[in-house]
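Student: I have a new model open on my screen and would like to talk it through. Could you walk me through its strands and helices?

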Amino acid sequence: PVARSLARRGCTVPQAFHEPSPHNVISGEFARRGQTDWAVLCSRGRASSILIFWRGSPNSVSEIGKAADAGFLQDVGGGRIGFSRAIGVADRKRILACYREYGGRRPPPITHHGIDDAYVEKASSVHYFRRGRWLELQGAD
């Protein structure tokens, strides 16, 4: 159902240059502990965003982090340009480690996963869902 929903939306799942295996589709407990959700980096119309399929349902979807794909292109050596956006699961340990290491906004109590939104080999931020809205927390720098 999620794949069909992505196709209906005209999404492609962009792949970052650094990872040869398929990626940018993740599952985690993004709303609350015990609930499995899916997040997909969706590119369409030269912009990408993260689509969250709550409980894996194509009927309950949120969209966050929309940005132009061109902003995630970088020289990867040998005269090649590579796409450099990747998402991953950010657990409590990672969220707190990034806060201790880099500062930023003090995280709320961490009770479930966040979504790490990375500009590969540059920096990242963590999207964390709390009380019905998305917070942006410090990621790696």
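**A sheet and a helix, strand by strand**

Tutor: Happy to! Let us start with serine 43, which stands opposite serine 48 in β3. This is a predicted model, where local features need pLDDT of at least 70, side-chain atom pairs count only at pLDDT 80 or more, and totals for chains, interfaces and linings use all residues. Residues are numbered from 1 along each chain as its sequence is written, and side-chain values use heavy atoms, with hydrogens and water left out.

Student: How many bridges join β2 to β3?

Tutor: Strands are DSSP runs of E with at least two residues, helices are runs of H or I with at least four, and both are numbered from the N terminus. Two strands pair if DSSP finds at least two bridges between them. β2 and β3 run antiparallel, and the bridges joining them number seven.

Student: Which glycine takes a positive phi in the hairpin of β2 and β3?

Tutor: This hairpin has two residues between the strands. The positive phi there is near 60°, and the residue is glycine 45.

Student: In what order do the four strands form the open sheet?

Tutor: The pairing is antiparallel. At the edges are β1 (25-28) and β4 (61-68), each of which pairs on one side only. The order is β1-β2-β3-β4.

Student: Which residue of β4 is the bridge partner of phenylalanine 53?

Tutor: β3 (residues 47-53) and β4 pair in the antiparallel sense over six bridges. In one part of this pairing, isoleucine 52 has serine 62 as its bridge partner. For phenylalanine 53, the partner is valine 61.

Student: How many residues of β3 are buried?

Tutor: Buried means under 20% relative accessible area, exposed over 50%, and partly exposed in between (1.4 Å probe, protein chains only). In a regular strand, side chains alternate between the two faces of the sheet. On one side of β3, Ala47, Ser49, Leu51 and Phe53 are buried, and on the other Ser48, Ile50 and Ile52 are too. The count for β3 is seven of its seven residues.

Student: Within what arc do the buried residues of α2 fall?

Tutor: Helix α2 (residues 92-102) has Ile95, Leu96 and Cys98 as its buried residues. Seen down the axis of α2, they line one face of the helix because they fall within an arc, taken from the directions from the helix axis to the C-beta atoms, of 155°.

Student: Which exposed residues does the face of α2 turned away from its buried side carry?

Tutor: The buried side is covered by elements including β7 (85-90) and β8 (114-119). The face turned away from it carries Lys93, Arg100 and Glu101.

Notes. Contact = heavy atoms within 4.5 Å.
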